[in-house]
Amino acid sequence: MSVLTRDEAQTRAKLLDVHRYTIDLDLTCGDDTFDSRTVIRFTVRADQDATDTFVEVKPAQLRSVTLDGHPLDPETLDENRLPLKNLTPGEHELRVDAAMRYSRTGEGMHRFTDPTDGETYLYTQLFMDDVQRVFAAFDQPDLKSVFDLSLKAPEDWTVLANSITEHLGEGRWQAAPTPLISTYLVAVAAGPWHSVRTEHRGLPFGIHCRRSLAPHLDADADELFEITKQCYDRYHEKFEEPYPFDSYDQAFVPEFNAGAMENPGLVTFRDEFVYRSAVTDTERQTRAMVIAHEMAHMWFGDLVTLRWWDDIWLNESFAEYMGYQTLTEATRFTDTWTDFGVSRKAWGYEADQRPSTHPVAPEAVDDTASALLNFDGISYAKGASALRQLVAWLGEKDFLTGINTHFVRHRFANATLADFIDSLAAGTDRDVHAWADTWLRTTGVDTLTPRITPGDDGTCTLTVDRTGSRPHRIAVGLYDQDVADEGRHLVLRERLDLDLPHTTAHPIGKRPALLLLNDGDLTYAKIRFDTQSFQSVHSGLSGLPDPLTRAVVWNALRDSVRDGELAPGAYLEAARTHLPRETDLAIVQGVLAFAAAQVTDRYLNPDQRPAALASLTALCRDLIRRTEDGDHPGLRLIAVRHFIDVAAHPDTIAAWLADGTAPGGPELDPELRWRVLARLAVLGATDETAIAAELERDPSATGREGAARCRAALPDEAAKQQAWEAMFTDDTLSNYLFTATAQGFWQPEQADLVRQYVPRYFQDVVTLAARRGPAIAEAAGRWAFPAHAVDTETLRLGEACLSDDAPIPALRRKLADQLDDLARALRVHEA
């Protein structure tokens with residue numbers, strides 16, 4: 001498929017104004033294809049001579065094309081481009097009649113049949129350049145248009161779209177015409193949905209899911225609507241421009257590739273957010289944040305849309321920042337920035353230290369394939385961190401003034417970084433252009449290190465050494481030991497505000513036990529400790545009074561391990577010492593995840609792994625004992641999950657599975673049962689009979705994924721061969737079943753068994769990615785990579801694969817990141 005280049009998009013945007021798409025989809029044509037009939041009304045601008053352009057479409061069969069009533073030859077379709085020749089200035093009408101293929105990979109029109117009840121559901125994901133899989137379009141974000149959509153579906157289905165839909169009878173549905181939106185934001189969801197509806201401020205709200213998930217959606221409907229309404233109201237307090245669409249539906253859809261998608265009026269979410277099993281309050285907070293994030297997009301991305309994909313930060317960074325900040329301001333989730341610091345920010349730091357790093361706002365993105373690679377921790381987490389720093393530097397009042405100016409200037413249109421900075425500059429005397437250059441046009445992570453100099457009078461001064469070029473407004477926390485409890489608690493003496501860089505030493509009084517740079521986590525930088533502060537961290541980390549402060553410290557320890565400055569075992573020791581007293585669920589989850597998946601599985605040498613697993617098992621057992629009173633169900637759930645994941649011996653968890661409960665709770669719901677069975681599979685303590693029995697007990701889509709994961713994890717040559725063929729030879733696996741199989745396949749405990757597959761991976765993954773496209777390529781690079789094989793031979797094989805021009809961009813980027821992580825792990829081994 002030909003990808004659209006920036007130059008081609010700019011040329012076409014100068015040529016055309018697109019007025020209206022009239023689209024008719026017939027979803028009753030069978031299991032493989034649907035019919036798509038599109039009428040595009042557009043104008044060639046008067047200042048253009050007769051010229052050529054093209055429209056994108058990727059059909060199973062292109063039946064007919066007419067331009068201004070004259071037939072065009074369907075055979076002129078070149079891959080996904082249909083040429084339009086000798087267009088003269090004035091109005092034109094293009095008609096395209098095609099059969100289009102359903103997708104099983106979450107791209108275009110995805111088709112899913114629920115194994116629980118046999119019901120079928122369809123939904124679109126048209127992001128970037130997948131609209132052409134559903135209807136013909138001038139597919140670029142700055143050719144906004146009105147979309148007039150009608151559909152035919154089975155009689156008992158409900159059809160959802162960007163605007164209010166009306167059932168006309170006999171399976172015919174009509175959606176109200178949209179305002180001006182971009183092609184990639186058109187959305188359809190069709191099927192026998194279970195729906196819960198309400199109204200807020202005169203606007204219809206709806207939440208929708210598969211029928212088999214109805215009881216679980218109903219159980220959380222009040223919470224989902226409450227979060228939605230609270231965010232909606234808070235955005236209307238912040239933004240002068242009102243919500244710009246006629247309804248607000250949220251559809252939880254199966255096998256979704258992202259967390260959610262900001263389609264105007266019809267946000268689609270992965271339906272794992274409809275919880276079938278017990279979850280922690282932090283997981284509920286994450287779901288709420290995604291709701292807030294996607295609603296922010298109604299303004300950032302949908303009302304005002306980027307002109308080209310080099311400005312994706314205008315969409316994602318803003319939605320990320322606004323999601324966390326608005327959730328904190330408007331809902332019961334008031335600690336969201338702690339979770340951001342522990343989980344999202346680490347994602348940004350890691351992405352920004354790889355060779356594939358890029359500026360938050362790159363100068364130029366050449367084409368759509370390159371743009372797709374930039375939806376990463378930099379565009380989301382680093383960009384949101386930069387905005388949080390901007391608000392700290394600029395002040396929220398001036399920041400919101402600039403935002404509202406931006407909405408007025410560009411409503412229902414497109415904008416660039418320069419446009420946004422001009423809007424900000426209109427409301428402040430600060431040099432926001434210089435700020436943008438240093439924060440948005442540069443790459444990498446600054447590192448801040450304190451230098452404490454004692455004076456003759458017993459007081460000290462602070463100087464901050466900085467590697468990097470960005471200015472930072474930070475808080476510096478000065479903490480003293482609480483002598484009453486032998487120093488296990490650290491008490492805040494003072495919090496100083498500093499602007500970096502500065503050359504003068506700052507007086508801080510007597511030397512504190514702990515001096516913490518970036519206390520409150522307002523900037524984006526790695527921090528280090530002076531020697532005495534590190535000793536205080538070692539003894540008193542869990543005694544720091546604020547969870548966000550503790551998150552900053554844990555991130556500093558994590559960065560030090562990754563940089564080879566702190567021994568991996570020392571991180572495990574800190575976890576063993578301080579997690580039993582930790583109260584914040586996001587911190588417990590984040591530290592345990594890094595300790596297990598990175599420290600134990602990758603950064604320690606294989607002969608050190610058994611002792612590390614034993615230490616983590618003991619830590620989880622301590623947490624389980626601590627929660628026996630039933631007052632901390634979320635903490636207990638995290639501890640039980642991780643106890644299962646790090647179990648080195650099967651007896652205890654096998655007994656839990658047989659009893660249906662962990663002693664003292666929780667009962668083993670479907671998620672925990674599959675988790676136990678997967679670990680038993682890794683340890684060789686279960687078999688196909690037990691997996692089949694569990695699948696009969698839970699025949700849901702999630703159950704099928706659990707079974708695929710368990711079968712791939714069995715330490716058996718035949719099971720490994722079957723899983724490999726399912727992933728790399730048989731193209732019938734959906735995106736989710738592919739991921740589940742890949743997650744089960746590689747296990748550190750089975751390194752000898754799967755050694756032969758390491759070189760095969762680098763051969764087979766290239767052809768798989770080329771054959772099945774970007775979504776499977778990304779999954780194969782992320783989940784099917786042999787991450788456990790931390791050795792120079794794996795690195796050599798990977799580098800040889802990258803030296804070939806064969807890997808498609810989505811796979812090439814993922815492999816480059818995986819190999820950089822592998823090289824980092826090898827450096828940690830050496831250190």
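Pro501 lies in the loop between strand S25 (490-500) and strand S26 (506-509), where strands (E, at least two residues) and helices (H or I, at least four residues) are DSSP runs numbered from the N terminus. The peptide bond between Leu500 and Pro501 is cis, with omega of about 0°. The structure is a predicted model, in which local features need pLDDT of at least 70, side-chain atom pairs count only at pLDDT 80 or more, and totals for chains, interfaces and linings use all residues. Residues are numbered from 1 along each chain as its sequence is written, and side-chain values use heavy atoms, with hydrogens and water left out.

A cis peptide bond also joins Gly665 and Pro666, with omega of about 5°. Pro666 is placed in the loop between helix H17 (651-659) and helix H18 (670-682). Met128 is not a glycine, yet its phi is positive, at about 65°; this residue belongs to the loop between strand S9 (120-125) and strand S10 (146-152).

Two packed helices are described by the angle between their axes and the distance between the axes. Axes are lines fitted to C-alpha atoms, for helices over the stretch in contact, and angles run from 0 to 180 degrees between N-to-C directions. Helix H4 (residues 312-330) packs against helix H5 (residues 336-352) at an angle of about 145°, and their axes are 8 Å apart. Contact (heavy atoms within 4.5 Å) involves Glu320, Tyr321, Tyr324, Gln325, Leu327 and Thr328 of H4, together with Thr336, Trp337, Asp339, Phe340 and Arg344 of H5. These residues comprise 5 nonpolar, 3 polar and 3 charged, with Ala, Val, Leu, Ile, Met, Phe, Trp, Tyr, Cys and Pro counted as nonpolar, Asp, Glu, Lys and Arg as charged, and the others, Gly among them, as polar.

For helix H9 (residues 417-425) and helix H10 (residues 432-440), the axes come within 9 Å and cross at roughly 135°. H9 and H10 are therefore oblique to each other, a class left for angles that are not under 35 degrees (roughly parallel), over 145 (roughly antiparallel) or 65 to 115 (roughly perpendicular). From H9, Leu417, Ile421, Asp422, Leu424 and Ala425 meet Val432, His433, Ala436 and Leu440 of H10. The contact of H9 with H10 contains 7 nonpolar residues, 1 polar and 1 charged.
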